[in-house]
Amino acid sequence: MAKMVRTTCAFCPPGEAGSIMYIAGEQNIAAHQDCLLFSSGFVESEEHNPDNLDIRFDVASVLKELKRGKRLVCNFCREKGATVGCEERACRRSYHYFCALCDDAAIQTDEDNGVYRVFCPKHDPGNRTNHYDAANKRRRRTLKSSTITEQMSAEETAEENSLRILQRKNRHKVRIDFLRKCKQAGLLDDIFEEMLDTLHLAQEKLMDDNTSETEYEETVMSLFDCGLFENILTNIHSATEEKIQELLESRKQLDNKIELLQDLKEVILPTQETMASTSSTVSE
């Protein structure tokens with residue numbers, strides 16, 4: 001199996017953590033070592049030998065991970081290709097590796113045991129191997145990379161935030177206009193049929209016990225990323241809560257009726273016993 005070739009950036013000083021790269025000339029691929037190691041759906045080659053780092057990554061595995069990343073949007077820069085996911089199972093945040101650093105994500109590294117983990121700031125477990133504070137020198141010493149430090153020290157200004165909001169609104173307007181034109185052209189039904197086919201395919205993958213872990217993860221992430229799945233679950237949750245309240249109210253009413261019937265039973269039984277006693281005395 002073809003392997004990625006290990007090299008170093010010609011512009012980085014020797015020993016810089018971010019300088020190690022792997023390339024595949026025929027496929028025209030170049031990747032930072034850390035981008036590969038911290039990608040959630042990526043594993044090192046089975047032939048990997050710590051004494052021979054040139055056979056660390058398979059080209060086929062890299063291509064597969066790149067394909068998976070095309071559907072994942074970075075929580076920091078909002079661009080696709082975010083293959084580094086938060087290790088918290090319930091968390092949906094994904095990053096590009098360097099964007100994770102910029103967002104002050106927690107990095108856990110244990111090279112001896114092959115552990116490379118990223119936690120978003122919200123789920124920082126507290127035992128990170130990287131630390132950040134306001135001092136640029138401290139950041140440089142921790143990350144061992146001046147390039148990364150410059151990216152992390154750059155904070156978004158109010159003007160940049162306003163620009164981002166404006167761009168988002170413009171994107172929404174373009175999408176709305178696009179769907180209106182599709183409706184006018186009679187394509188809306190075809191679009192929804194394609195969406196239903198995609199959902200059926202996703203359902204089959206999730207129900208199939210033979211679906212690989214990576215493919216299962218891709219399917220789940222794509223469902224949640226589109227927003228529709230989460231909205232449906234939210235609606236189901238709300239409907240379930242309403243049904244629970246209705247049943248609780250019904251149970252309360254039934255409990256009241258049962259209590260009344262028990263009271264009536266206690267009143268009726270003594271009356272019957274008295275009548276039986278009176279009847280017995282008369283007959284004597």
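Visitor: Is Leu261 buried or exposed?

Guide: Buried means under 20% relative accessible area, exposed over 50%, and partly exposed in between (1.4 Å probe, protein chains only). Leu261 counts as exposed because its relative accessibility is 57%. This is a predicted model, in which local features need pLDDT of at least 70 and side-chain atom pairs count only at pLDDT 80 or more, while totals for chains, interfaces and linings use all residues. Residues are numbered from 1 along each chain as its sequence is written, and side-chain values use heavy atoms, with hydrogens and water left out.

Visitor: Where is Leu261 found?

Guide: Helices (H or I, at least four residues) and strands (E, at least two) are DSSP runs, numbered from the N terminus. Leu261 belongs to helix H9, residues 228–283. The protein chain has nine helices and seven strands.

Visitor: Which residues make the nonpolar surface patch?

Guide: A patch is made of residues with over 30% relative accessible area and no salt bridge; like charges are joined within 9 Å, nonpolar side chains (Val, Leu, Ile, Met, Phe, Trp, Tyr) within 5 Å. Here Leu261, Leu264 and Ile268 make a nonpolar patch of about 300 Å². Accessible areas come from the Shrake-Rupley method with a 1.4 Å probe, and for residues only the protein chains shown count as cover. For the protein chain, the accessible surface comes to about 20,500 Å², with 53% belonging to carbon and sulfur atoms. Of its 284 residues, 24% are buried.

Visitor: How many salt bridges does the structure hold?

Guide: Side chains of opposite charge can pair when their charged atoms come close. The criterion is a side-chain nitrogen of Lys or Arg within 4 Å of a carboxyl oxygen of Asp or Glu. The structure holds four salt bridges. One of them joins Lys3 and Asp58, with the closest N and O atoms 2.4 Å apart. That pair links distant parts of the chain, 55 residues apart: Lys3 lies in the segment before strand E1 (5–8), and Asp58 in the loop between helix H1 (33–37) and helix H2 (59–69). Asp58 counts as buried because its relative accessible area is 10%.

Visitor: Which residues are linked in a network of salt bridges?

Guide: The network links Glu65, Arg68 and Glu217. Between Glu65 and Arg68 the closest N and O atoms are 2.7 Å apart. Both residues lie in helix H2, three residues apart, which is about one turn of the helix. Glu65 is buried, at 5% relative accessible area, and Arg68 is buried too, at 3%.

Visitor: Which residue forms a salt bridge with Glu215?

Guide: Lys205 does, with the closest N and O atoms 3.3 Å apart. The two are ten residues apart and link distant parts of the chain, Glu215 in helix H8 and Lys205 in helix H7. Glu215 is partly exposed at 31% relative accessibility, as is Lys205 with a relative accessible area of 23%.

Visitor: What volume has the largest pocket?

Guide: On a 1 Å grid over the protein atoms alone, a pocket is an open set of points where a 1.4 Å probe fits, with protein on both sides within 12 Å along at least five of seven lines; lining residues have an atom within 4 Å of a point. Grid points are joined across faces, edges and corners, and the volume is the space filled by probe spheres set on the points. The largest pocket has a volume of about 890 Å³. It is lined by 22 residues, and Met221, Ser222, Leu223, Asp225 and Cys226 are the closest to its centre. Helix H7 (188–207) and helix H8 (213–225) are the elements that give two or more residues to the lining, and H7 gives the most, with six.
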